[in-house]
Amino acid sequence: MKTVLSGIQPSGKLTIGNYIGAIKNYVALQKDHDCYFMAVDLHAITVPQDPAALREQAEMIIALYVAAGIDPDKAAIFMQSHVRAHAELGWIMTTLTYMGELERMTQFKDKSAGKESVGAGLFVYPSLQVADILLYNADLVPIGEDQKQHLELTRDVAHRFNTRFGDTFTVPEPYIPELGARIMSLDDATKKMSKSNPNPGSYIALLDSPDEIRKKLSRAVTDSGREVRYDPVNKPEVSNLMGIYANFSDLTLKEIEAKYDGQGYGAFKKDLAEAIVAKLEPLQSRYRDIRESGDIARILKQGAEKAAAKAEPILALAKERMGFIPSA
Ligand code: AMP
Ligand code: TRP
């Protein structure tokens with residue numbers, strides 16, 4: 001059975017971009033893979049976080065994982081910081097990553113742009129992600145398009161380690177959705193939909209109310225035409241909405257085009273809003289049940305135990321290969 005690992009930062013509300021790019025695939029992969037899904041709190045603190053907000057956002061992610069359909073008895077659901085091996089292998093991977101590689105990372109460039117002071121952790125963030133993945137000998141890493149570069153780095157560092165110290169780590173493959181690898185903002189189709197955008201109208205959060213969802217979609221930017229046609233180059237806004245629609249319904253792009261042939265954007269946007277509401281309303285009700293049940297601590301304990309059991313021997317082997325004296 002192949003191993004799958006992924007994580008999301010507890011640094012804000014999750015959006016339908018996170019759902020389509022990542023969580024939807026987590027749910028699909030858990031059936032026939034050994035899965036590890038975490039909230040990466042050690043990554044979140046690479047930019048300043050308010051302690052109470054960090055905690056709330058972490059609980060929110062874990063409850064959303066379960067509400068979205070990840071079964072804690074199948075997949076390990078855990079906090080990155082609960083499995084200490086992440087921090088330890090993270091340090092080791094920092095020593096094996098080149099400054100030049102880190103300087104080329106676009107996420108670092110984006111997040112540090114215009115900031116007066118930037119913590120060193122933001123710079124070495126990708127080395128910790130390398131460790132997250134290699135620690136489980138993950139075969140597949142479900143992610144959105146924006147994480148491809150970090151996955152390439154992971155592959156390079158895994159090769160580097162294996163060449164220098166002997167075959168130790170699995171070289172992972174990215175698992176990126178064909179449609180929806182990069183969901184764009186509702187107000188600007190040149191920008192990725194992101195939970196950190198200051199304009200809430202630019203994204204749909206998984207916990208937005210049905211009325212918020214309807215309002216945001218009715219205001220979503222389109223072009224001045226009226227043809228519902230998939231053409232990302234010439235019709236980026238409509239194509240983005242169509243990609244979202246296909247992910248929230250059983251319709252293909254062709255079927256969506258046929259359905260709205262000659263109808264303009266109004267009916268299309270209305271139906272899209274209802275398709276999203278139909279998926280998110282039950283998810284939100286499960287979310288509330290999980291938050292109220294007090295089950296999160298138990299889920300995290302079980303997840304961390306399973307994750308540590310897998311990670312510890314892999315870390316021990318890597319340290320031994322590097323020449324560390326094994327602890328008695
Ligand atoms: P983040 O919110 O940056 O921690 O991202 C968590 C996961 O969601 C990563 O795998 C991202 O690639 C994915 N993701 C985030 N935003 C989007 C988006 N707009 N479209 C597709 N995937 C996304
Ligand atoms: N860097 C990822 C993001 O911003 C989050 C992440 C951390 C991750 N560790 C990971 C994703 C390991 C996949 C696998 O979205």
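Reply: Start with α1 and α10: α1 passes α10 in a left-handed crossing. Bear in mind that this is a predicted model. α1 covers residues 16-29 and α10 covers residues 236-248, and their axes come within 11 Å and cross at roughly 55°. Angles of 65 to 115 degrees count as roughly perpendicular and those under 35 as roughly parallel, so α1 and α10 are oblique to each other. As for who touches whom, α1 brings I16, Y19, I20 and K24, while α10 brings I244, N247 and F248. Sort the residues of that contact by type and you get five nonpolar, one polar and one charged.

α1 spans residues 16-29, and a residue numbered in that stretch, N18, turns up beside ligand 1: an N or O atom in the N18 side chain is 2.9 Å from an oxygen atom of the ligand. Around ligand 1 there are 17 residues, with G144, D146, I183, M193 and K195 the closest. A polar backbone atom of G144 is 2.8 Å from an oxygen atom of ligand 1, and a backbone N or O atom of M193 lies 2.9 Å from one of the ligand's nitrogen atoms.

Now for the other ligand. Ligand 2 has 14 residues around it, and Q9, Y125, Q129, D132 and Q147 come nearest. For Q9, a side-chain N or O atom is 3.1 Å from an oxygen atom of ligand 2. Y125 puts a polar side-chain atom 2.6 Å from a nitrogen atom of ligand 2, and for Q129 the distance from a polar side-chain atom to a nitrogen atom of ligand 2 is 2.8 Å.

On the α9 side the contact uses P210, I213, R214, L217 and S218, and they meet K269, L272, A273, E274, I276, V277, L280 and E281 of α12. By type, the residues in this contact come to eight nonpolar, one polar and four charged.

So, back at your spot: α1 and α10 are oblique to each other, and five nonpolar residues sit in their contact.

How values were computed. Residues numbered from 1 in each chain as written. Chains lettered and ligands numbered in written order. Predicted model: local features only at pLDDT ≥ 70, side-chain atom pairs only at ≥ 80, totals over all residues. Heavy atoms only, no water. Axes fitted to C-alpha atoms, helices over the stretch in contact; angles between N-to-C directions. Helix = DSSP H or I, 4+ residues; strand = E, 2+ residues; numbered from the N terminus. Parallel < 35°, antiparallel > 145°, perpendicular 65-115°, else oblique. Left-handed = near helix turned anticlockwise from the far one by under 90°. Contact = heavy atoms within 4.5 Å. Nonpolar A, V, L, I, M, F, W, Y, C, P; charged D, E, K, R; others polar. Near = heavy atom within 4 Å. Polar contact = N/O pair within 3.5 Å; in protein donor to acceptor, adjacent residues only side chain to side chain.
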